[in-house]
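My entries follow the order in which I checked things.

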Amino acid sequence: MWPIALCIATFVIMSIIHWSYSWRNPKCNGKLPPGSMGLPLLGETLQFFAPNTSSDIPPFIKERMERYGPIFRTNLVGRPVVVSTDPDLNYFIFQQEGQLFQSWYPDTFTEIFGRQNVGSLHGFMYKYLKNMVLNLFGPESLKKMLSEVEQATCRNLNQWSCQDTVELKEATARMIFDLTAKKLISYDQEKSSENLRENFVAFIQGLISFPLDIPGTAYHKCLQESGRLGRKNAMRMLKNMLKQRRAMPRKEQSDFFDYVIEELNKDGTVLTEAIALDLMFVLLFASFETTSLAITLATKFLSDHPLVLKKLTEEHEAILEKRENVDSELTWKEYKSMTFTFQFINETVRLANIVPGIFRKALREIQFKGYTIPAGWAVMVCPPAVHLNPAKYEDPLAFNPWRWEGLESSCASKHFMAFGGGMRFCVGTEFAKMQMAVFLHCLVTKYRWQAIRGGDIVRTPGLQFPNGLHVKISRTN
């Protein structure tokens, strides 16, 4: 018996050693980028998601850049990944979307958003949906929305000024969600028996927390609530709204839902009800979380940099001084004249790095700068490494809106990808910028504020305000 047991134990040990060796040394037809695959199963996931308070390139990325160079390999959540901080490779990845690379998200992400989420669609279907969304966020639509955005902002700021303090991240998220839900589906929380936004909030902590389904973690709670208060409940509400609309169609389009229904009713349409509902879900979710983070950070930067606040205030007061009626609403011409404001927004999102990584998957074996990226491997473009590159941005950690003076930065480039890049450049970019610009206009011309507490930043690796930003807002004379 002992010889047999010894043989079995030896076989098991050798198998584990072989498996561990294969994990650390994956097969490749060429030369893999340097790096470490970490521990079996876990990879380097723990290090990647470790919280940090630095405004610099995330420690996980920076340490490996110094050790391996701008292109390196790792393993995250059980998936081999090539990390790119190289501007040329980043550009190549975005330009070859749909040919050599396609959009990809970790399984932990798709567990929350659904296996058939809109972000996972490719080719014709993705372009079709993108054109649909541009119908909502295109220039002509934004011109019509400008007044609504200003009215909503002024109304909320006035309410906040009557409170002792307001937690800005939560307050702006609620404001943006209400506005977007109104434009998308004519949703009004005050007239609804259910709170749609609560069903989205449950997703946030899961997306920014350590992505293992362990009982007691925020991710586990998110997975649980997705069946009760999260995605499942939100999709049920959206499905009921769609059913009611299709039963009683409106004579004229009044929101994006009407446009979607029109597309669904066309002969030979490629749009399905499931994809349409998922599109609504993604648009609602994406609209409020990222923009509210950017607005909160922008307000913090203004509090910390009085010279920037002075310059921004001067620009917006100059807009009022040129009007015949100082109380008239913002015009599109006035909005487009906010030169320093857009410089300020660009600098805010450059340092915010709200999206710490943009994922793609290699569709075939790829050779680049002497390295081989195997087919099926994930590739992560790292925006923080691009935005904080001292070779491109002098004193990159300094908040300096003037660095954007005279530069065209409305589109993605090798050195600026705060809103993504390539064919998946965020279609809501201009809407987000408009919300930020209008908020800043109303804030600096009519109000003053004082930070009371909070404002601490933590990255895991996404941007968070763990204790919020509590401010006292007062109306000026």
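Over the face of which residue does R350 lie? I found R350 over the face of Y393, at 4.9 Å from the ring centre. I note that this is a predicted model.

I then followed Y393 to its ring partner. Y393 and W404 form a tilted aromatic pair, with 6.0 Å centre to centre and 50° between the planes. Both residues sit in the loop between helix 17 (383-387) and helix 18, eleven residues apart. I looked up their accessibility: Y393 is buried at 6%, and W404 is buried at 5%.

I counted aromatic pairs next and got 15. One of them is F92 with F101, edge-to-face, 6.1 Å centre to centre and 90° between the planes. F92 is partly exposed, at 21% relative accessible area, while F101 is buried at 0%. I also logged one aromatic cluster formed by F48, F49 and F60.

I turned to helix 14 (residues 306-321). At 1.5 Å a residue its 16 residues should span 22 Å, and I found the end C-alpha atoms 22 Å apart, which agrees. The buried residues of helix 14 are V308, L312, T313, E315, H316, I319 and L320. Down the helix axis they fall within an arc of 155°, so they line one face of helix 14. P306, L307 and E321 are exposed on the other side. I listed what the buried residues pack against: helix 13 (273-304), helix 15 (332-336), helix 16 (339-352), helix 18 (429-446) and strand 9 (447-454).

Definitions and conventions
Residues are numbered from 1 along each chain as its sequence is written. This is a predicted model: local features need pLDDT of at least 70, side-chain atom pairs count only at pLDDT 80 or more; totals for chains, interfaces and linings use all residues. Side-chain values use heavy atoms; hydrogens and water are left out. Helices (H or I, at least four residues) and strands (E, at least two) are DSSP runs, numbered from the N terminus. The expected span of a helix is 1.5 Å times one less than its number of residues. Buried means under 20% relative accessible area, exposed over 50%, partly exposed in between (1.4 Å probe, protein chains only). The arc is that of the directions from the helix axis to the C-beta atoms. Contact means heavy atoms within 4.5 Å. Rings of Phe, Tyr and Trp (its six-membered ring) pair if their centres lie within 6.5 Å; planes under 30 degrees apart count as stacked, over 60 as edge-to-face and the rest as tilted. A charge sits over a ring if NZ of Lys or CZ of Arg is within 6 Å of the ring centre and within 35 degrees of the ring normal.
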